[in-house]
Each structure stands twice: as C-alpha cells, then as structure tokens.
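Please read the points below with the model open beside you, and check each one against it as you go.

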Amino acid sequence: MELIEIAQLVTGIATLIVASVLIWQMVLQKKTLDIAHRDADSSISLDAISHRANLNMWFSDKCDEEFIDKLNNGIDSLNNQEKEFITTWIMPSITILNTEYRLGRLDRSEFYYKASIRRFLRYKAFQEMFPTMPFMKTGTALHPELVALIKDVYEEVSGNKFELAT
C-alpha cells in the first residue's frame with residue numbers, strides 16, 4: 001500500500017469519526033430542544049391559566065344575581081358600566097386564547113378552544129355583543145383558524161348566522 005492510499009484511508013476514517021461525533025451532538029441537541037419546548041409549553045400554560053383565573057375572579061366579583069339575570073336577558077338590559085365589564089373581561093380573555101392558539105398550545109385541540117369560546121357565549125348579552133367586539137372586525141390579529149372556531153361555536157350556541165363586523 002502506498003503512502004497516498006494510507007493517507008486517504010486515515011482521512012476517510014477521521015471524516016467518519018467527525019461525522020459520527022456531529023451526529024451524536026445533533027441527537028443530544030434535539031433532546032435538549034425537546035425538553036426546552038416542553039418547559040416553554042408548561043410555562044405558557046401556567047401563565048395562561050393564571051391570567052384567565054385572575055380575569056375570571058375579577059369578573060365574578062362584578063357578578064351578582066341581578067347582573068347575571070341581565071346577561072341572560074340580553075344587551076338591552078345592561079347599562080353602560082355593565083357593558084364595559086363585559087368588554088373588559090372578554091377582550092383580554094380572547095387575547096389570551098388567541099395567543100395560546102397561535103403558539104399551538106394543546107396541539108390546537110378543537111375541544112379545548114371551542115369549550116373556551118362557549119364560555120364567552122353562555123349568556124345572551126355576550127352572544128349579542130360578541131360579533132361587534134373590536135377583535136372580531138375583519139383583518140384583526142386573530143388567528144384565522146380561531147376565527148373559524150369562534151364562528152362555528154357562535155352559530156351553534158346562538159342559532160344565528162355569524163357575520164364578521166366591518
């Protein structure tokens with residue numbers, strides 16, 4: 001065997017060793033990234049739950065039997081302050097839901113998102129206000145797939161055709 005052949009053999013073996021080390025590093029990096037992704041998802045989930053819980057506690061403080069009756073009767077039975085309570089609760093709640101959807105929380109589980117939307121639409125007043133809310137205007141930052149879920153749930157719950165506000 002000549003010297004050049006030995007050099008090529010050594011170079012080939014060295015290349016295989018380096019390639020093997022690089023592949024091993026990529027496998028380790030993938031595992032690290034998977035762990036970081038799970039941690040980030042957990043953090044997002046906890047933040048979303050915390051924010052939603054705070055919003056719900058704030059809203060429940062505003063609710064009494066008379067207010068709930070008004071919500072069941074529709075938007076015309078509410079005064080301006082009560083309409084503001086609804087807007088103040090729904091706007092950040094939808095923002096949180098949209099952020100969760102955009103980030104792919106719970107693999108965009110249709111069940112989770114539809115259940116969350118149903119919660120907003122449980123009262124007649126909410127059903128009447130929802131299509132006119134600023135986040136429902138055409139061209140908003142809401143994820144288009146989330147808008148489709150909102151439309152489906154709205155039509156199912158209210159029995160009305162959903163039209164985007166312009």
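1. Before anything else, a term: helices (H or I, at least four residues) and strands (E, at least two) are DSSP runs, numbered from the N terminus.

2. A caution on the source belongs here. This is a predicted model, in which local features need pLDDT of at least 70 and side-chain atom pairs count only at pLDDT 80 or more, while totals for chains, interfaces and linings use all residues. Residues are numbered from 1 along each chain as its sequence is written, and side-chain values use heavy atoms, with hydrogens and water left out.

3. Consider the pair α1 and α3. Helix α1 covers residues 3-62 and helix α3 covers residues 80-102, and the two pack at an angle of about 165° with their axes 10 Å apart; axes are lines fitted to C-alpha atoms, for helices over the stretch in contact, and angles run from 0 to 180 degrees between N-to-C directions. The two helices are therefore roughly antiparallel to each other, given that angles under 35 degrees count as roughly parallel, over 145 as roughly antiparallel, 65 to 115 as roughly perpendicular and the rest as oblique. Their crossing is left-handed, a word used if the near helix is turned anticlockwise from the far one by less than a right angle, with right-handed used if clockwise.

4. Which residues of α1 and α3 make the contact? On the α1 side they are A48, H51, R52, L55, N56, W58, F59 and K62, and on the α3 side F85, I86, T88, W89, P92, S93, I96, L97 and E100, where contact means heavy atoms within 4.5 Å. Sorted by class, this contact of α1 with α3 has ten nonpolar, four polar and three charged residues; Ala, Val, Leu, Ile, Met, Phe, Trp, Tyr, Cys and Pro count as nonpolar, Asp, Glu, Lys and Arg as charged, and the others, Gly among them, as polar.

5. Helix α3 also packs with α4, and here the axes come within 11 Å and cross at roughly 175°. That makes α3 roughly antiparallel to α4. From α3 the contact takes W89, I90, S93, I94, L97, E100 and Y101, and from α4 it takes Y112, Y113, S116, I117, R119 and F120. The classes in this contact of α3 with α4 are nine nonpolar, two polar and two charged residues.

6. The packing of α3 with α6 has an angle of about 125°, with the axes 9 Å apart, and α3 and α6 are therefore oblique to each other. The crossing of α3 and α6 is right-handed. In this case L97, N98 and Y101 of α3 meet E145, L146 and L149 of α6, which by class gives four nonpolar, one polar and one charged residues.

7. The largest nonpolar core has 36 residues, and those with the most contacts inside it are L71, I86, I90 and F130. Such a core is a set of buried Ala, Val, Leu, Ile, Met, Phe, Trp, Tyr and Cys residues joined through side-chain atoms within 4.5 Å. At least two residues of this core come from each of α1, α2 (65-73), α3, α4 (110-120), α5 (124-129) and α6 (144-158), and α3 gives the most, with eight residues. Leaving aside its neighbours within four places in sequence, I90 is in contact with F120, F126, F130, M133 and F135.

8. Is E100 buried or exposed? This residue of helix α3 counts as buried at 1% relative accessibility, where buried means under 20% relative accessible area, exposed over 50%, and partly exposed in between (1.4 Å probe, protein chains only). Leaving aside its neighbours within four places in sequence, E100 is in contact with A48, R52, R105, Y112 and Y113.

9. Most residues other than glycine have a negative phi. L106, however, has a positive phi of about 55° although it is not a glycine, and R108 likewise has a positive phi of about 55° without being a glycine. L106 is partly exposed, with a relative accessible area of 41%, and R108 counts as partly exposed at 29% relative accessibility.
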